[in-house]
Amino acid sequence: EGWPALDIYGFRDGEVIWGEVWYLPDENERFGIGCFAVDGCPAMGEVVDRYTTAWSSRDSDAVAALYSDDAYFTDSLLGLDATGVDAIGDLATERFGSVGDLSINVLGLYAWTDGRFPPTETNPDRGRLVGVAIHYRAEADDDGVAGIQEAIAVLHLGNLHEASFDADPHGLIHYEEVYHEPATLLAELQS
């Protein structure tokens, strides 16, 4: 039996050109992978709390503060693309709508660590958290009309190179891609 995981692949000309595997935190803790081998990885909780609080607030400054200066955000299904903190901050009211109460509920989390081993004296950065995938359900209520969006936001907390990953020292998001749950989109379109 395999580990519960989120597999993400990039394609070009019909061929897989890259792939990532993100594991459930429980599996990471059970097997002592990366930052979970040390302390349960509180950095993950901090990233998730900052992210859901900022986007729920619809405050452009709070959203912009999550990202690095050169960050890239894309939600191809909703047609949202932005590069840089100001442009991403400008999506604060566009992504989930600008009116009504908004709640973002976390349904599941996946972690990506830089290596599968704990840090050592000679390699203190080994196993650090470099990405978080948040499976969420966002619900907005605009005068009794509910809008629901279920998706997975994949957050890269640094820059990925061919053979290495440069983690952001402040845990800022450098790249975010949003993948939607088709069933919730169909339900929304049919109502």
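1. Helix H3 gives the largest share of the lining of the second largest pocket, five residues. Helices here (H or I, at least four residues) and strands (E, at least two) are DSSP runs, numbered from the N terminus. Please keep in mind that this is a predicted model, in which local features need pLDDT of at least 70, side-chain atom pairs count only at pLDDT 80 or more, and totals for chains, interfaces and linings use all residues. Residues are numbered from 1 along each chain as its sequence is written, and side-chain values use heavy atoms, with hydrogens and water left out.

2. That second largest pocket has 21 lining residues, and Cys35, Cys41, Ala43, Arg128 and Leu129 lie nearest its centre. Two or more lining residues come from each of helix H2 (36-39) and helix H3 (42-57). A pocket is, on a 1 Å grid over the protein atoms alone, an open set of points where a 1.4 Å probe fits, with protein on both sides within 12 Å along at least five of seven lines; lining residues have an atom within 4 Å of a point.

3. The space in this pocket is about 310 Å³, where volume is the space filled by probe spheres set on the points, joined across faces, edges and corners. Its lining divides into eleven nonpolar, three polar and seven charged residues. Ala, Val, Leu, Ile, Met, Phe, Trp, Tyr, Cys and Pro count as nonpolar, Asp, Glu, Lys and Arg as charged, and the others, Gly among them, as polar.

4. Trp55 deserves a look: among the residues it touches are Val63, Phe73, Ile88 and Leu102, not counting residues up to four places away in sequence. Contact means heavy atoms within 4.5 Å.

5. Asp13 sits between strand E1 (5-12) and strand E2 (15-23), and Arg58 between H3 and helix H4 (60-64). Are they buried or exposed? Asp13 is exposed, at 77% relative accessible area, whereas Arg58 is buried, at 13%. Buried means under 20%, exposed over 50%, and partly exposed in between (1.4 Å probe, protein chains only).
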